[in-house]
Amino acid sequence: MQKYSVSREIGGRTLTISSGTYAKLASGSVTVQYGETIVFGAVARAKPREGIDFFPLQVDYRERFAAAGKFPGGFMKREGRPSTREVLISRLIDRPLRPLFPAGFMDEVQIQLNVLTFDKENDTDMLAGIAASAAVAISDIPFITPTAHAKVGRIDGKLILFPTVEQTEASDYEVVVAGTKNFVNMIEVGAYEVPEDEIADAIEFGHKAVIEICHMIEELQQMCGRPKVGEIKSPEPGLLDAIRARVGDKIREVKGQPGKQDRAERIRQIQEELIAEMAPPITDVNASYYSVLMQKAEAAKIRSAFAVVEEQVTREAILAGIRPDGRSFEDIRPITCAVDVLPRVHGSAVFTRGETQAMCTVVLGTTADEQLVDGLLEEYSQKFMLHYNFPSYSVGEVRPIRGPGRREIGHGALAERSLLAVLPTVQEFPYTVKVISDILESNGSSSMASSCGGCLALMDAGVPIKTMVAGISIGLVQESDTYKLLTDIIGEEDHFGDMDFKVCGTRTGVTAIQLDIKIEGLSYQIIRETLHRAREARLKILDIMSKVIDKPRPQISEWAPRLLTIKIDPEKIGKLIGPGGKNIKALQADTGCTIDIEDDGTVYISSTDASGAEKCRDIVEAMTASVQVGRIYTGKVVSIKDFGAFVEIAPETDGLCHVSELSDQYVGRVDEVVKVGDEIKVKVLLVDEQGRIKLSRKAAMAEMGEKDPERARPERQNRDTGERTSEPRSEGNKGGRGDRGKRPARRGQRPDDRE
């Protein structure tokens with residue numbers, strides 16, 4: 001067994017690509033190691049299925065929890081369906097690889113990638129992309145040229161190649177670049193309003209690492225690469241010429257006409273007329289079965305060749321200045337916007353651009369509604385999410401209704417990332433926010449419509465976003481050195497063109513980018529030109545959106561829960577919860593609120609009733625606040641003694657208001673002034689070292705400028721005359737018996753016990 005290995009220092013750490021040790025029955029297999037993170041990749045090939053007219057590539061990336069020394073959470077301990085992260089990384093790998101298989105190659109190709117170890121420092125996504133490319137490169141599968149992935153971050157103005165997990169959190173953008181040694185062919189960006197030229201600089205910086213890694217893969221390919229095999233199917237040149245001569249002009253006439261459905265119907269008619277002419281259906285009932293099969297095969301061949309001719313004619317028309325719907329290269333289709341289109345929901349908007357329409361709704365929730373995400377890294381909660389739905393009716397089709405596919409997950413993640421940069425902090429807006437984008441019509445760039453509609457719906461919901469976000473897609477048709485950029489591409493331009501370059505951002509800068517292409521790659525010049533073209537279009541869209549709503553509503557919907565946040569001493573959490581949850585359950589039942597408590601002492605109080613939430617907040621603050629000397633509290637009398645009253649100024653917190661501090665007048669008996677259950681104002685005079693609290697109703701009344709009403713004093717007997725009087729015997733003997741104003745201790749009670 002011979003092991004082949006190539007190593008280079010990339011981004012300050014050693015990157016190693018190895019083969020020859022594992023999975024030798026696969027068409028190609030490698031391991032990629034960076035730090036102590038290792039990803040395994042294998043590719044296999046099978047013969048094409050009968051009648052297939054597309055390249056059936058499957059890319060499947062999986063993370064095993066064991067790679068990070070973890071068990072999956074929940075009841076099931078066996079990993080099952082792929083997570084959202086795994087789906088997104090699979091797409092990240094698929095997109096740069098797919099255009100580099102030869103046109104006409106229809107073999108089944110399956111690439112599987114598994115994380116073997118994760119050191120919690122070096123992420124796995126870029127290594128998986130490198131592993132996929134290297135496995136295909138050394139296999140017997142036809143492949144034009146190797147690709148590679150690289151990630152770039154920026155901290156304090158310094159570009160960082162392959163940032164660690166910790167550095168990624170601190171970076172003001174994340175740029176993923178994939179490509180060949182000649183071109184960039186895939187870009188993903190998440191940024192905090194970064195100018196276009198700075199993003200372009202980061203792309204070029206990352207591509208330098210891509211070039212170096214591609215050379216590593218080529219070196220490994222020379223060591224252990226297998227001869228390429230596989231059948232390449234191409235239409236017969238003579239057939240293409242014959243079809244073009246018959247229908248080329250007819251197709252050209254359709255291009256430039258408005259209406260997606262009308263153009264599609266006219267193209268379908270041209271195709272059916274062509275088949276009827278070149279491969280007429282057999283109507284003879286006595287015809288042999290073989291003849292019928294031959295006719296169907298010929299018709300299928302003509303349909304395939306017709307698609308090639310339509311693509312050629314469409315691209316030629318675009319390069320000649322005629323777009324399929326007749327617009328100029330810089331024109332944006334007509335845009336209409338509306339907000340508050342649905343009652344009861346917390347926020348809603350409809351964004352329409354040409355024949356693309358997105359209806360976006362917003363729902364606001366509490367911390368209990370957060371999405372828990374578990375994976376190789378530590379579990380965390382997600383407070384913002386955008387879910388994208390693409391029903392078949394949006395394109396006038398019928399297909400089975402199933403769960404969200406990879407495309408829907410990917411488009412939703414792009415729109416979600418575009419809005420993340422402008423969301424308020426949790427401290428500013430503690431709600432969990434969910435945006436749902438339902439695509440009602442689709443003719444190009446529905447993900448960008450979701451970004452625009454999602455932004456409008458957030459503002460309609462009263463989410464205090466920092467600024468508005470819009471998105472636009474730029475297309476490309478390139479032949480040799482001649483190319484045309486197409487602003488706001490439609491479905492035909494996406495299908496027949498070379499590029500779908502989606503850019504989202506604010507008036508200040510970029511928040512998200514996603515690039516898909518069908519050619520080997522783009523030059524730096526085209527990338528920069530596209531970014532600036534997208535900015536021009538984005539500013540126009542923002543102007544239109546701002547005429548409908550230019551800032552978030554000052555208040556959230558009346559139907560949304562009221563969510564208040566307070567911070568308490570973490571040591572008081574147990575007191576708030578109570579034994580067996582007694583206190584918090586009683587509080588929730590009494591106020592109708594939901595209370596969620598974080599380990600750091602953050603308390604979230606939610607209720608559909610604003611007054612109930614405020615009442616609950618006041619109680620929680622009182623329960624957990626430290627008693628402040630000199631502060632006046634509203635307390636409840638919970639116990640009466642001869643020497644005073646015990647007053648609860650907060651749940652499970654009470655103090656003594658001595659009889660001498662109950663009133664500004666003489667008090668004979670405590671129950672003459674207060675009774676159990678009374679609410680009174682008291683001032684904290686002292687908290688001693690043992691935590692005992694001394695209260696004064698008299699001091700509170702004096703501070704608030706109040707007086708007790710006059711009360712009759714108890715009658716006493718005059719020793720000299722025998723008459724009863726309510727007056728004291730002398731000013732200096734108010735307590736009687738010559739005790740200097742102090743009453744004697746009662747039987748069995750020491751004087752000190754009264755305090």
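## Sheets and helix packing in a predicted model

Strand β7 (residues 148-155) and strand β9 (residues 173-179) pair in the antiparallel sense over six bridges, and within this pairing the bridge partner of H149 is A178 of β9. The model in which these elements are described is a predicted one.

Both strands belong to an open sheet of eight strands, which has the order β8-β7-β9-β10-β21-β20-β18-β19 and antiparallel pairing. At the edges stand β8 (158-161) and β19 (482-487), each with a single partner strand, so one side of each is left without a neighbour in the sheet. Direction ignored, neighbouring strands of this sheet are turned by 15 degrees against each other on average. Helix α2 (residues 125-138) packs on the sheet and touches β7 and β9, its direction making about 160 degrees with that of β7. Helix α8 (residues 406-420) lies across β9, β10 (184-194), β20 (499-505) and β21 (510-517), and runs at about 155 degrees to β21.

An open sheet of three strands has the order β22-β24-β23, with antiparallel pairing. Its edge strands are β22 (562-567) and β23 (594-597), each of which pairs on one side only, and neighbouring strands are turned by 20 degrees against each other on average, direction ignored. Between β23 and strand β24 (residues 602-607) the antiparallel pairing extends over four bridges, with D596 standing opposite Y604 in β24. Helix α14 (residues 610-624) packs on this sheet, where α14 touches β22, β23 and β24, and the direction of α14 makes about 15 degrees with that of β22.

| α2 (residues 125-138) | β7 | about 160 degrees |

The axes of helix α5 (residues 237-254) and helix α7 (residues 289-319) come within 9 Å and cross at roughly 50 degrees, which makes α5 oblique to α7. The crossing in which α5 passes α7 is right-handed. On the side of α5, the contact is made by L239, L240, I243, R244, V247, G248, I251 and R252, and on the side of α7 by K301, I302, A305, F306, V308, V309, E310, Q312, V313 and E316. The residues of this contact divide into eleven nonpolar, two polar and five charged.

Conventions:
Residues are numbered from 1 along each chain as its sequence is written. This is a predicted model: local features need pLDDT of at least 70, side-chain atom pairs count only at pLDDT 80 or more; totals for chains, interfaces and linings use all residues. Side-chain values use heavy atoms; hydrogens and water are left out. Axes are lines fitted to C-alpha atoms, for helices over the stretch in contact, and angles run from 0 to 180 degrees between N-to-C directions. Helices (H or I, at least four residues) and strands (E, at least two) are DSSP runs, numbered from the N terminus. Angles under 35 degrees count as roughly parallel, over 145 as roughly antiparallel, 65 to 115 as roughly perpendicular and the rest as oblique. A crossing is left-handed if the near helix is turned anticlockwise from the far one by less than a right angle, and right-handed if clockwise. Contact means heavy atoms within 4.5 Å. Ala, Val, Leu, Ile, Met, Phe, Trp, Tyr, Cys and Pro count as nonpolar, Asp, Glu, Lys and Arg as charged, and the others, Gly among them, as polar. Two strands pair if DSSP finds at least two bridges between them.
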